[in-house]
Amino acid sequence: MKKKRELTIEESAHRERLRDVYNGIFIVTVFVWVLNFALGGLASLVSPHLNYYIATTFTVLAKSIATALPFLVFRKLCRDPLSPVFTETPRSEHPVVRCIFGCLATAGLTLASMGLMAWLLSFLEGNGVHTNVVPPSLGNTGMETVFYIILSSVLYSFSYEIAFRGIAIRAMGQENRLGAVFVSGIAYALSDGDPYGIVVRLSIGFLLGWFYLRIRSVWCCMVLQAASQVIVSLWWVFLQNREFTAYINFLILSGLVLGVAAAFFLFYPRRDPDPQTTPNSIALKEVFSSFGIYLMVAMVAFNMLIFTFSTDPDPHDPLLQPMEEEDKTPPLQFDQDE
């Protein structure tokens, strides 16, 4: 029988640190859920009493603060300065070209993900599984729609990239790059219970993680995130047109081709990887041995089963609405002529 190799003190310390950081990232993401529920609830209470522009600002700002604030506290508890996240010089010789390819990659993958999720939800509806997916409030005029697209793209890009790339990946990257990308990508995808959000963030989260490790610029990642946010908003705008749904299959295929092709050139040519202290196999093992990932998955599954999916008839279905019967006198009303 092969004897198991005993770990050195240094190897044990690295494994414990990885496990603690992994659990910390997932637990912080749980606090994102809690804070998003609290601040989002407050914003929804005051929004009906405000005009569209102020109400939208409150709603988008509440979600942005709920995303970034727990990670800022986590960074403070780790006693790491925040300034290097913003001041680090990009490592690429052509950061603008990389950002262009990155925008094409994230836009294409986002488009394909939105189309795939729309097809899946339509399939579920046809089989009796109803979904409660609420689109964002895009306003009633063109100016209101443009305002929402610009505001959400700027604030969401800033908060998401500061949290999941600038703080989360920097806390794990020196130990193991693959584990850092995987953990930050999963936490990023599961930071919201929206089905569209989960699928989109799964498709671009790992790409953004590797891009950050390649470029080391959170500002470039914000540009890529903004491209994805714009596509998400435009999707909801065009989805109001029924003719748009006829092209979903074409959009899925074209988005996949564009996203994969641009992602290939995004990381070409390959660069020598930075040194890391923990092998990939050990780092991934520590991910699945941490309780945080199972807590996150269980929370998302519970939320979606309770609040998103249902096999009960849709109460808003017009075919299920009661119809008034003709030539019937309403109760407690009398016709004097009769």
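Visitor: Which helices are included in what covers the buried residues of H9?
Guide: What stands above is a predicted model, where local features need pLDDT of at least 70 and side-chain atom pairs count only at pLDDT 80 or more, while totals for chains, interfaces and linings use all residues. Residues are numbered from 1 along each chain as its sequence is written, and side-chain values use heavy atoms, with hydrogens and water left out. Helices (H or I, at least four residues) and strands (E, at least two) are DSSP runs numbered from the N terminus, and contact means heavy atoms within 4.5 Å. The cover over the buried residues of H9 includes H4, H7 and H8.

Visitor: Which residues of H9 are buried, and within what arc do they fall?
Guide: A residue is buried under 20% relative accessible area, exposed over 50% and partly exposed in between, with a 1.4 Å probe and protein chains only. The buried residues of H9 are Ile248, Leu251, Ile252, Gly255, Gly259, Ala262, Ala263 and Leu266. Taking the directions from the helix axis to the C-beta atoms, these residues line one face of the helix, because seen down the axis of H9 they fall within an arc of 125°.

Visitor: Which exposed residues are on the face of H9 turned away from its buried side?
Guide: H9 has 19 residues, and its first and last C-alpha atoms are 26 Å apart, close to the expected 27 Å, where the expected span is 1.5 Å times one less than the number of residues. On the face of H9 turned away from the buried side, the exposed residues are Asn249, Phe250, Leu253, Val257, Val260 and Phe264.

Visitor: How far apart are the end C-alpha atoms of H4?
Guide: H4 is followed by glycine 128, whose phi is positive, near 90°. With 32 residues at 1.5 Å a residue, H4 should span 46 Å, and this agrees with the distance between its end C-alpha atoms, 46 Å.

Visitor: Which residues are the closest to the centre of the largest pocket?
Guide: On a 1 Å grid over the protein atoms alone, a cavity is a set of points where a 1.4 Å probe fits but cannot get out, a pocket is an open set with protein on both sides within 12 Å along at least five of seven lines, and lining residues have an atom within 4 Å of a point. Grid points are joined across faces, edges and corners, and a volume is the space filled by probe spheres set on the points. The largest pocket holds about 1,600 Å³ of space. Of its 47 lining residues, the closest to the centre are Asn36, Lys63, Val134, Asp192 and Asp194.

Visitor: How many residues of the lining of the largest pocket are charged?
Guide: Ala, Val, Leu, Ile, Met, Phe, Trp, Tyr, Cys and Pro count as nonpolar, Asp, Glu, Lys and Arg as charged, and the others, Gly among them, as polar. The lining of the largest pocket has 25 nonpolar and 18 polar residues, and its charged residues number 4.

Visitor: Which element gives the most to the lining of the second largest pocket?
Guide: The second largest pocket has a volume of about 620 Å³, and of the 19 residues lining this pocket, Ala118, Tyr196, Trp236, Leu239 and Thr245 are the closest to its centre. At least two lining residues come from each of H4 (95-126), H8 and H9 (248-266). With 5 residues, the element that gives the most is H4.

Visitor: Which element gives the most to the lining of the largest cavity?
Guide: The largest cavity, with a volume of about 40 Å³, is lined by Val32, Asn36, Lys63, Ala66, Thr67, Tyr160, Ser191 and Asp192. The most, 3 residues, comes from H2.

Visitor: What is the relative accessible area of arginine 214?
Guide: Arginine 214 is found in helix H7, and, leaving aside neighbours within four places in sequence, arginine 214 is in contact with Arg91, Arg98, Phe267, Tyr268, Pro269 and Arg271. Arginine 214 counts as buried, its relative accessible area being 14%.

Visitor: How far apart in space are proline 135 and serine 233, C-alpha to C-alpha?
Guide: Proline 135 is found in the loop between strand E1 (130-131) and H5, and is partly exposed, with a relative accessible area of 42%. Although 98 residues separate proline 135 from serine 233 in sequence, the distance in space from C-alpha to C-alpha is 9.2 Å.
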